[in-house]
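This report walks through part of one protein model, moving from a helix to its neighbours and then to a few single residues. Please keep the structure in view while reading.

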Amino acid sequence: MTATTLPTTPQAVASAILSAVESNPHAFDMGTWYSPTGTSLDLAPDAPIPAGITLDVASWAARVTGWTLTTSGHATKGGTTQHVSSICRAALGITEQSPALFWLSDDRALTALRNLADRR
């Protein structure tokens, strides 16, 4: 994923997350930011997802917008570190501090993304 291909609108980010999850269904789980919890990933946005690693919608949002997942729900980009929830809220245009999206089941989260991406 190059800087010129990163999604920039909430609709494009939602669509990119859906495409990534469709390509890696084994690596999507809304149960934790990413698992195994506490694992130091250093997972670059274009790196393959290692076996046994799962990401929730916030971690996928960070990944598709060019962030490297590090540890404990954090990611880095350009020398900045943020929690994936903050990255996701900004990328999807969510203003709530703790949006319902973060607490949905896998299926309901994907439905919410489809609605945002206008891929119903």
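In this predicted model, helix α4 covers residues 106-117, and its twelve residues reach 16 Å from the first C-alpha to the last, close to the 16 Å expected at 1.5 Å a residue. Within α4, the residues Ala109, Leu110, Leu113 and Ala117 are buried. Seen down the axis of α4, these buried residues fall within an arc of 95°, so they line one face of the helix.

What do the buried residues of α4 pack against? Their partners are three helices, namely α1 (10-23), α2 (57-64) and α3 (84-92). Just after α4 comes Asp118, which takes a positive phi of about 60°.

**The pair α2 and α3**

Two of these partner helices also pack against each other: α2 and α3 meet at an angle of about 70°, with their axes 8 Å apart. Because angles from 65 to 115 degrees count as roughly perpendicular, α2 is roughly perpendicular to α3. The crossing of the two helices, α2 and α3, is left-handed. On the α2 side, the residues that take part are Val57, Ala58, Ser59, Ala61 and Ala62, and they meet Val84, Ser85, Ile87 and Cys88 in α3.

Is α3 largely enclosed or largely open? Seven of the nine residues of α3 are buried, so this helix is largely enclosed by the rest of the structure. The buried residues in question are Val84, Ser85, Ile87, Cys88, Arg89, Ala91 and Leu92. They pack against the helices α1, α2 and α4, and also against the strands β3 (68-69), β4 (74-77) and β5 (80-83). After α3 comes Gly93, whose phi is positive, near 70°.

| Residue | Location | Relative accessible area |
|---|---|---|
| Ile87 | helix α3 | 4% |
| Trp67 | loop between α2 and β3 | 9% |
| Thr68 | strand β3 | 16% |

Since a residue counts as buried under 20% relative accessible area, Ile87 at 4% is buried, and so are Trp67 at 9% and Thr68 at 16%.

Ile87 and Trp67 stand 20 residues apart along the chain, and their C-alpha atoms are separated by 8.8 Å. When neighbours within four places in sequence are left aside, Ile87 is in contact with Ala62, Thr65, Trp67, Ala75 and Gln82.

Trp67, with its neighbours within four places likewise left aside, is in contact with Leu43, Pro45, Ala62, Ala75, Thr76, Lys77, Thr80, Gln82 and Ile87. Trp67 and Gly78 are eleven residues apart in sequence, and the distance between them, C-alpha to C-alpha, is 8.6 Å.

Thr68, not counting residues up to four places away in sequence, touches Asp42, Leu43, Ala44, Pro45, His74, Ala75 and Thr76.

Terms used. Residues are numbered from 1 along each chain as its sequence is written. This is a predicted model: local features need pLDDT of at least 70, side-chain atom pairs count only at pLDDT 80 or more; totals for chains, interfaces and linings use all residues. Side-chain values use heavy atoms; hydrogens and water are left out. The expected span of a helix is 1.5 Å times one less than its number of residues. Buried means under 20% relative accessible area, exposed over 50%, partly exposed in between (1.4 Å probe, protein chains only). The arc is that of the directions from the helix axis to the C-beta atoms. Contact means heavy atoms within 4.5 Å. Axes are lines fitted to C-alpha atoms, for helices over the stretch in contact, and angles run from 0 to 180 degrees between N-to-C directions. Angles under 35 degrees count as roughly parallel, over 145 as roughly antiparallel, 65 to 115 as roughly perpendicular and the rest as oblique. A crossing is left-handed if the near helix is turned anticlockwise from the far one by less than a right angle, and right-handed if clockwise.
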